[in-house]
Amino acid sequence: MRLQKILFAFLLFIPCALFAVDLNKEGRDPKYVESIVNRSQKIVDKLGITDAKSSEAVRNIIANRYFELNDIYEVRDAKVKQIKESTLEGDAKSEALKVAEYEKDAALYRSHFAFPAALSLYLDAKQIDAVKDGMTYGVVDVTYTATLDMIPSLTDEEKAQIYAWLVEAREFAMDAENSNKKHEAFGKYKGRINNYLSQRGYNLTQERDAWYKRIEERKNK
């Protein structure tokens with residue numbers, strides 16, 4: 001009986017605990033914090049969350065992810081600067097720079113999986129994907145839709161492969177340090193997709209030219 005009461009009390013406590021997500025703003029420029037919070041809120045606004053506390057928690061999780069990424073890259077940059085200004089030369093300097101990158105990658109790896117895990121307390125899989133899309137400028141959907149429109153004859157197998165690679169690219173873009181690096185991550189996979197389609201017999205130049213003509217025809221209707 002006593003065990004049941006303890007369990008019941010624990011279950012009552014869980015919802016309250018889930019809402020306690022603090023914004024890691026201490027020691028940060030208030031204007032930077034405001035910018036990140038606003039950016040995060042725009043993503044949350046599209047998720048359809050009806051509970052105010054859950055909405056705030058998700059917003060803080062997203063904002064904290066931005067802060068964490070910034071911290072990881074600032075630490076890497078500081079180490080790189082220190083190494084370049086040191087007396088190290090040749091292989092020793094190269095090795096030290098590699099270590100700084102390895103340490104950055106290790107921090108990103110730990111952070112990468114913790115982020116969706118935290119979101120999963122409040123969001124379903126579809127909403128988590130929406131958060132990832134919001135943090136990567138919706139490139140997955142834009143690129144996938146454009147590719148299907150450009151090549152209407154794609155098979156289901158080809159569509160599935162293209163989408164899978166774009167989703168994989170999004171995972172790398174999620175960890176990138178700025179917008180240019182995020183687009184670079186997608187660019188690598190777009191190149192892979194183009195090579196794949198060429199190997200499957202598609203003439204991408206012809207497909208692209210025909211697509212542009214169709215777009216112009218739609219505009220003139």
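Setting aside neighbours within four places in sequence, Thr143 is in contact with Leu166 and Lys190, where contact means heavy atoms within 4.5 Å. The model is predicted: local features need pLDDT of at least 70, side-chain atom pairs count only at pLDDT 80 or more, and totals for chains, interfaces and linings use all residues. Residues are numbered from 1 along each chain as its sequence is written, and side-chain values use heavy atoms, with hydrogens and water left out.

Thr143 belongs to helix H6, residues 139–150; helices (H or I, at least four residues) and strands (E, at least two) are DSSP runs, numbered from the N terminus. With a relative accessibility of 12%, Thr143 counts as buried, because buried means under 20% relative accessible area, exposed means over 50%, and partly exposed lies in between (1.4 Å probe, protein chains only). The side chain of Thr143 also reaches the backbone oxygen of Val139 at 2.8 Å.

How many aromatic pairs does the structure hold? There are six. Rings of Phe, Tyr and Trp (its six-membered ring) pair if their centres lie within 6.5 Å; planes under 30 degrees apart count as stacked, over 60 as edge-to-face and the rest as tilted.

One of the six pairs joins Tyr32 and Phe67, which are tilted, with 5.6 Å from centre to centre and 55° between the planes. This pair links distant parts of the chain, since Tyr32 is in helix H2 (residues 30–44) and Phe67 is in helix H3, 35 residues apart. Phe67 is buried at a relative accessible area of 0%, whereas Tyr32 is partly exposed at 26%.

Tyr144 and Tyr163 form an edge-to-face pair, 5.1 Å centre to centre and with 70° between the planes. Because Tyr144 lies in helix H6 and Tyr163 in helix H7 (residues 156–174), the pair ties together parts that are 19 residues apart in sequence. Tyr144 is buried, with a relative accessible area of 19%, while Tyr163 is partly exposed, with 38%.

Helix H3, which covers residues 52–85, also includes Ser55. Is Ser55 buried or exposed? Ser55 is buried, its relative accessible area being 15%. Apart from neighbours within four places in sequence, Ser55 is in contact with Gln41, Val44 and Ile49. Ser55 and Leu154 are 99 residues apart in sequence, and their C-alpha atoms are 39 Å apart in space.

Note on methods:
Polar contact = N/O pair within 3.5 Å; in protein donor to acceptor, adjacent residues only side chain to side chain.
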